[in-house]
Amino acid sequence: KRMGFCATFKQLETVEIDVYDHSPFPAPITYRMHRVNPILFLDGGAAQSSANVQKYTIALSESERGSHILEIFRNGEQVVDSPVLIQVNSRECVGSLEPDDAGNCIQYDFQKFIMFYIVFGFLPVL
């Protein structure tokens, strides 16, 4: 469904989205994905085609958390149900590690955050 949620996945996780072309004439399927706000184009490319089925697979992996718009094109024109929303959530890290904006699991020094809170009265945004 146009602008409906198509997929939800975690940072750096790969998700595959299948696109079916019912036309008897094969045409290139391409895509691009960008963040909802602010608009920043993150990725684009050609979908991989399966032989004789006209099923195309788009493999996505993203580190930026939040909502993204995925636009799908057939022969340069947007397909009927495009664009769709993709939600990227924080990845899971082991132990006391936390994911950063790039999807890396890192150790935050919480003593610095507590000292910052005591001095300034609020916590910095991670």
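This is a predicted model: local features need pLDDT of at least 70, side-chain atom pairs count only at pLDDT 80 or more; totals for chains, interfaces and linings use all residues.
What does lysine 55 pair with? Its partner in a salt bridge is aspartate 18, and the closest N and O atoms of the two are 3.8 Å apart. Since a salt bridge here needs a nitrogen within 4 Å of a carboxyl oxygen, that contact counts. Lysine 55 belongs to strand E6 (residues 55-61) and aspartate 18 to strand E2, so the bridge ties together parts that are 37 residues apart in sequence. Aspartate 18 is partly exposed as well, at 37% relative accessibility.

Side chains of opposite charge can pair when their charged atoms come close. A search of the whole structure turns up six salt bridges, and a couple of others deserve a look.

Take arginine 32 and glutamate 71, whose side chains meet in a salt bridge at 2.7 Å, N to O. Arginine 32 is in strand E3 (residues 29-35) and glutamate 71 is in strand E7, so to speak two distant parts of the chain, 39 residues apart. Is glutamate 71 buried or exposed? Glutamate 71 is buried, since its relative accessible area is 11% and the limit for that label is under 20%. Arginine 32, on the other hand, counts as partly exposed, at 34% relative accessibility.

Then there's arginine 65, which forms a salt bridge with aspartate 101; here the closest N and O atoms are 2.5 Å apart.

Now for a covalent link. How many disulfides does the structure hold? There is one, and it joins cysteine 93 to cysteine 105, with an S to S distance of 2.0 Å. Cysteine 93 lies in the loop between strand E9 (84-89) and strand E10 (98-99), while cysteine 105 is in strand E11 (residues 105-106), so the bond spans distant parts of the chain, 12 residues apart. The torsion about the S-S bond is about -85°, which means the disulfide is left-handed. As for accessibility, cysteine 93 has a relative accessible area of 19% and is therefore buried, under the 20% limit. Cysteine 105, at 28%, is partly exposed.

That leaves the empty space. Rolling a probe the size of a water molecule over the atoms shows where empty space is left. The largest pocket has a volume of about 300 Å³. Which residues lie nearest its centre? Of the 17 residues that line the largest pocket, those are Val19, Tyr20, Ile72, Val79 and Asp81. Strand E2 (14-20) and strand E7 (66-74) each supply at least two residues of this lining, and E2 gives the largest share, four residues. By residue type, the lining of the largest pocket divides into 10 nonpolar, two polar and five charged.

Conventions. Residues are numbered from 1 along each chain as its sequence is written. Side-chain values use heavy atoms; hydrogens and water are left out. On a 1 Å grid over the protein atoms alone, a cavity is a set of points where a 1.4 Å probe fits but cannot get out, and a pocket is an open set with protein on both sides within 12 Å along at least five of seven lines; lining residues have an atom within 4 Å of a point. Grid points are joined across faces, edges and corners, and a volume is the space filled by probe spheres set on the points. Ala, Val, Leu, Ile, Met, Phe, Trp, Tyr, Cys and Pro count as nonpolar, Asp, Glu, Lys and Arg as charged, and the others, Gly among them, as polar. A disulfide is a pair of cysteine sulfur atoms within 2.5 Å. Buried means under 20% relative accessible area, exposed over 50%, partly exposed in between (1.4 Å probe, protein chains only).
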